[in-house]
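Hi,

Here is the structure I promised to pass on. Have a look at it first, and my notes on what turned up follow below.

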Amino acid sequence: MIGTWWAQTIAVVRLEIKKTFFARRGLWIYLLALAPVALFTMQAVAVRTFRLADPKIPAGGHILSQQEVEEIKTGMTREQLVSKFGPPATSRKRTAQKFDEDGNETSVERENMRYYAAASNVNLILENGVVSTTFINRRFTFEQNNYAFAGVFQFFFIRLAVFFGCLGIFMNLFRGEMLDKSLHYYLLAPIRREILLLGKYLAGLLAASVIFTASAGLQMIATFSAFDSNTISRYLYQENGLSQIAAYLGVTVLACVGYGSVFLAAGLLYRNPIIPAAIVLIWEAANPLLPALLKKFSVIYYLKALCPLQIPADPGMPALLQMLVSNGDPISSYLAVFGLLALSIIVLGASSLKVRTLEINYTTE
Amino acid sequence: MNDQIIFDNVSKFYGDVLGVNRVSLSIPPGITSLVGPNGSGKTTLMNLMTGLIRPSRGQITILGQTPDDPEKLFPLVGYCGQFDSFPKGLTGYEFVSSYLRLSGRDAHECDELAWRAIDMVGLREAANRKAGGYSKGMRQRIRLAQSIAHQPKVLILDEPMNGLDPLVRAETIALFRSFAKDGCHVILSSHVLHEVDIISDQVILMSGGYVVAEGNIQSVRGEISEQPMQIVVRCDHANSLASRFFEEDHIVEVRMHHDKKSLLVKTSDPNRFFLLMNQVALNGHKLESVAPVDDDVNSVYEYLIGGEDGVK
């Protein structure tokens, strides 16, 4: 019997997987998954363009101290700068046209110079060999990059992209077929409704996991591309980088497991996806405010505990954001994985009771 | 194993709207037709049999199985409904074989059964095209192939002749007959009464969610006592026979055909009429034929339900 059920589950997954991956109405899910990839790619391009991550110190030059940075003033000459701080890391000269106070057009020689300080880039514009403008960019360290990634991962990727992606994928598993008037195909087959539910859930989970873990992986590649290979190797092999990557991918899959079960159940209960989306979104956001017992009936409660980096709460943060960042009731990773799986199984169990009595009534859809 | 399809006081309400009410039936093997106007509850009855909807009251068993257990029910039952949607992207062949795969069969067996069913409905050439692009008749045939592919004992067909051309229609009727001959149940609904008349072993007449009559069509006709039975008698001395008929109190009306050789007789008591005909024959009248003319589905339908919309 177990063999038959397994074969039936595989048959459902085979039928569903193509529909789930290539549904025209699911195009927005790919866009949602690719949005943070685009964000991190743009960041990487900016970081590389402005050499924010990767200072190249020329021969005879050095990293400026904070005191040296403060010594740089407008009106200094090029010779003074070079004698004091050595040759600039980068320099580019060009001739530009400028209008003087009397409105006469004059030609000036403009030079863009850059020195590197410990945590910033010092950019200078010199006109005819004299500093006219200074501006300082804070440099982007790998540690900052990790926190930026962790922030986007927790507050955009998991809470919004995976959340709404799972809404689109899992709610459609039954609801979509009801709207297409094709659900009877399954309900007329000699297959237990619970097996049908399991097959559809696994197909949705496979699709969601592939789409969103691929997105998380591409996000990481995009962020890493801003840094040199030595920095990346150090992170991967000496600073627990590999285990962090595994944790991010695992959290992504578990998010699909948790939200998938919730939205599969919602698809059986609601016709309009906006209502369950709003209810679950508010419930998840309000998790820090809930009593200890109710917190455990939330997916984000477990995911937050599994994220490898906790975002440090900044004193200047808005209260609402501080509340979201805080992890007032931390639990161990093992307990979090077990809790999330248990929650998903409970929700799927409740869904199987509903699916057993599911009726076809296309005319009222 | 019980070989009957049993409805035990079954009612189905869609909110306040009546689907079917207090239906009690016991359907034996053979071809059974559900006849009734639109909205009379035929499709509701079929959906109840297949578990697509649940009864509000009462119980249904199909060869001893309840519709609540698809794993046990659908190896026995094939349903070709009026649902005209197909799972996206499937070819005709995939539509049938994927359905078979859902039962847990291996790929080779599914392949064999699928092609066998596709051949039975004559759709082999088009089987590898997307089912969504089929014509109405082809869609009907591939649905029929899907419903018979697993060789069910009960075949439930909602308007199965819709969209079929006359040749395929005749082949399909032959297919249903062969199923019935093998001891299967073929339950079909149809608006086309002359087809029902040709193929049915029994009929279930429905109106407004109620079963108005059920059984062999002639016996159903016999039960309608308020409508005099119409019988055509062909004989050599029609005039004298007509005057003999007027002596009987159960004869309501006698009309003579213009060829003077046929009489259309209306009688309120068919049993006494046929006894009378025995006497007439014994008295030396030469009778060519004595045939009831209103014991077909059309007439029974007309008497019990009336000429409502949607019935030909």
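B:Leu157 has B:Leu188 as its bridge partner in strand 7 of chain B. Strand 7 covers residues 185–189 and runs parallel to strand 6 of chain B, with 5 bridges joining them. (Strands are DSSP runs of E, at least two residues, and helices are runs of H or I, at least four residues, both numbered from the N terminus; two strands pair if DSSP finds at least two bridges between them.) B:Leu157 is also the bridge partner of B:Cys80. Strand 5 of chain B (residues 77–80) is joined to strand 6 by 4 bridges, and these two run parallel as well.

A word on the ground rules: this is a predicted model, where local features need pLDDT of at least 70 and side-chain atom pairs count only at pLDDT 80 or more, while totals for chains, interfaces and linings use all residues. Residues are numbered from 1 along each chain as its sequence is written, and chains are lettered from A and ligands numbered from 1 in the order in which they are written.

Back to strand 6 of chain B (residues 154–158): 5 of its 5 residues are buried, so the strand is largely enclosed by the rest of the structure. Buried here means 20 or more other C-beta atoms within 10 Å of the residue's own, with C-beta atoms placed from the backbone. In a regular strand, side chains alternate between the two faces of the sheet. In strand 6 of chain B, B:Val154, B:Ile156 and B:Asp158 point one way, and B:Leu155 and B:Leu157 the other.

The largest nonpolar core has 136 residues, and those with the most contacts inside it are A:Val162, A:Cys166, B:Val96 and B:Ala145. (Such a core is a set of buried Ala, Val, Leu, Ile, Met, Phe, Trp, Tyr and Cys residues joined through C-beta atoms within 7 Å.) Helix 5 of chain A, residues 142–180, gives the largest share of this core, 15 residues.

Now, where do the chains meet? 24 residues of chain A are in contact with 23 of chain B, contact being C-beta atoms, placed from the backbone, within 7 Å. Helix 1 of chain A supplies the largest share of chain A's side, 8 residues.

Finally, chain A has 14 helices and 4 strands. Its C-alpha atoms fill a box of roughly 85 × 45 × 40 Å along the principal axes.

Cheers

Key: A residue is buried if 20 or more other C-beta atoms lie within 10 Å of its own, exposed if 12 or fewer, and partly exposed in between; C-beta atoms are placed from the backbone. Two residues are in contact if their C-beta atoms, placed from the backbone, lie within 7 Å.
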